[in-house]
Structures are given as structure tokens and as C-alpha cells.
Amino acid sequence: MAASRTTFKTLFGIPRVISRQPLSFPSTSPSSGILSTRGAYERDYRRPGQAPDTRWPWQKIRLDFSKGVEGIKKHFRLLKDEFVNRLTGPEGKPLINHMLEQTQVQWEFRGPESLNQWIVSSDQEIGGRSTAYIKMGRNNTTCFLYGTLCSTPPRDGETRYSGYCTMRSKQPLGSFDRKKHYDLSNFNTLHMRIRGDGRPWMVNISAETYFSHQRDDIYSYFLYTRGGPYWQDVKIPFSKFFLSSRGRIQDDQHALWLDKVNSIGFTLGDKADGPFQLEIDFIALCNDHAHTEEFAYELYKRNPEV
């Protein structure tokens with residue numbers, strides 16, 4: 001009896017899992033193919049080179065009474081701070097200061113504990129050879145991102161492209177692990193102080209979406225480093241960020257929701273194999289009154305004026 005085979009294809013940039021039934025036993029139910037495809041995509045699919053998880057469901061649960069008590073204390077403390085900050089004003093600041101604020105340092109690195117707010121990854125997740133690390137710079141006042149980029153794809157017979165390194169911030173969480181968002185609606189420009197090695201980077205901003213199929217949507221813009229020992233101040237208006245999904249720029253562009261920002265990140269994938277480094281002093285926000293552009297790209301009018 002011939003066994004069924006599973007192949008991976010791409011339709012408009014979206015990976016699809018198609019189950020091929022043997023010729024001797026064709027599938028007569030139209031819904032069975034949909035259910036098998038959905039189950040294979042959401043449950044059985046794993047990245048090439050990743051070992052399958054054969055543990056039972058109850059073996060994945062960790063029971064620690066002392067850790068649970070510490071977690072309860074932590075979440076009730078966060079809940080108390082949220083109530084106190086709400087009475088004071090937005091984000092715990094008086095309302096007048098929140099309205100008149102022109103600059104704000106959102107991410108800075110002033111100690112090893114600040115690195116816990118960031119996640120570093122590379123194409124090793126799909127079997128690649130790139131490496132990325134993060135550490136504190138000199139005097140523990142900067143973030144130093146370094147590693148090696150390798151664009152050689154893994155030999156798994158499925159992955160054709162490889163070679164990227166990423167660093168992104170964690171999404172803020174409130175009490176009882178409720179998702180929170182950064183409200184950047186009072187500002188229109190991203191201000192960074194960086195020092196690189198001449199490579200081009202991509203600045204990525206992730207925002208909250210309405211539907212689950214938009215979870216891969218991200219706003220990006222280019223970051224060109226000069227190299228050398230001198231720092232450079234980079235200002236990028238939020239209106240310049242363009243929408244992309246899974247590495248593909250979308251035709252239907254719309255502006256970034258600044259009141260629902262989840263995280264910010266940096267991606268390197270210039271296909272130039274070798275070592276790289278990027279040093280970050282701070283990531284701030286500013287309100288540039290000279291910049292009046294709302295969105296830099298063409299918008300589709302669904303209800304055009306007559």
C-alpha cells in the first residue's frame with residue numbers, strides 16, 4: 001500500500017500544506033482534505049531540522065508551588081501599580097505633562113537587566129548557520145549586537161533562502177500577563193542614536209491587528225549605518241514606514257497605528273556573509289512640528305468622492 005505524502009507549496013507568499021492521497025484510495029469527502037490540511041499546518045507542521053516533540057501533554061506542565069506564590073505576588077503588585085498610575089494620569093504621569101511632552105526615551109540600556117527586554121534570534125531556527133549575540137557595551141551604557149551572517153541555506157531539501165539576524169523588544173505585559181501596548185500617538189518621529197559597521201539594516205515596528213491572519217504584518221523602513229567610530233543620530237518619521245507581511249511588501253498600504261505598538265526590532269539580511277556589529281545608545285520618540293506628512297505612500301480610496 002502506498003503511503004500518503006505531504007508536500008509544502010507557496011501560494012501568494014503563504015505556505016500551504018497539501019496532503020497527497022494514494023491513487024488506490026482517493027478521498028471522497030471534500031471536508032476531510034480541509035481538516036487534514038488545517039491540522040497538519042497548525043499542529044503537525046514543524047520547521048525543517050527541528051526534532052519532533054514526543055512528550056505527552058501532561059509532561060509539558062511544570063508544577064512549582066513556590067514559583068506560583070511568587071507569581072501571584074508579582075501580578076497583584078503590578079495590578080496595584082496600574083490603579084495608582086491610572087489615578088495619576090496616562091502612564092503614571094500628570095495629564096499636562098503627557099499632553100505637552102515633545103520627546104521621550106522609550107528604550108535605553110543602562111544596565112545588564114535592560115537586556116532582558118529584548119529577544120535575539122537568527123536563521124538557526126530553520127537550520128541556518130548565522131549567529132547573533134547581545135551584550136552590554138562599554139561602561140554598561142549601550143547595547144552591543146554582534147554575530148556572523150551566513151546565507152548558506154540548510155540542506156533539508158525545503159528551505160531555499162537563509163541568512164538573517166534579528167533583535168526585537170518584548171511586548172509589555174500587565175498584571176496577570178495581559179497584553180499591553182505602547183502609545184506613541186503623541187509623537188511622529190523615531191529618534192535613535194546608533195553606531196554600526198556600514199551595513200544596511202531594517203527597522204521593524206509591530207502593531208496590534210484585528211484579525212489573526214494579520215499577525216505577520218509588520219511596518220519597516222531602512223536604516224543605513226555609516227561605519228567608523230562616530231555615533232550617528234537617525235530620525236525616521238513614522239509616515240515613512242511601509243507595510244509588509246512575511247517579507248512581501250503589500251499593495252494595500254495604510255498608516256501605522258501608533259497607539260497600538262507592540263514591539264520594535266532590527267533585522268540584518270543583506271546577503272553579505274561575515275561578521276557584523278551594531279551598537280545602540282537609546283531609542284527615543286520626538287514630535288517634529290516641521291513634519292506634516294501623514295503617510296508617504298499611495299492609499300486606496302474604497303469610497304472615492306464623486
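This is a predicted model: local features need pLDDT of at least 70, side-chain atom pairs count only at pLDDT 80 or more; totals for chains, interfaces and linings use all residues.

Q: Which residues do ring pairs link into a cluster?
A: The cluster joined by ring pairs consists of Tyr221, Phe222, Tyr224, Phe238, Phe241, Phe242, Phe295 and Tyr297. In total, the structure holds 17 aromatic pairs.

Q: Why is the pair of Phe242 and Tyr297 called edge-to-face?
A: The ring centres of Phe242 and Tyr297 are 6.3 Å apart, and a pair requires centres within 6.5 Å. Their planes stand at 90 degrees, and edge-to-face applies over 60 degrees; the pair is therefore edge-to-face.

Q: What makes this a link between distant parts of the chain?
A: Phe242 belongs to strand E12 (residues 242–245), whereas Tyr297 lies in the segment after strand E15 (274–286); the two residues are 55 residues apart.

Q: Why is Phe242 called buried, and why is Tyr297 called partly exposed?
A: Phe242 has a relative accessible area of 9%, and buried means under 20%, so Phe242 is buried. For Tyr297 the value is 29%, which falls between 20% and 50%, so Tyr297 is partly exposed.

Q: What makes the pair of Phe295 and Tyr297 edge-to-face?
A: The centre-to-centre distance is 5.4 Å and the angle between the planes is 75 degrees; the criteria are within 6.5 Å and over 60 degrees. Phe295 is itself buried, at 13% relative accessible area.

Key. Residues are numbered from 1 along each chain as its sequence is written. Side-chain values use heavy atoms; hydrogens and water are left out. Rings of Phe, Tyr and Trp (its six-membered ring) pair if their centres lie within 6.5 Å; planes under 30 degrees apart count as stacked, over 60 as edge-to-face and the rest as tilted. Helices (H or I, at least four residues) and strands (E, at least two) are DSSP runs, numbered from the N terminus. Buried means under 20% relative accessible area, exposed over 50%, partly exposed in between (1.4 Å probe, protein chains only).
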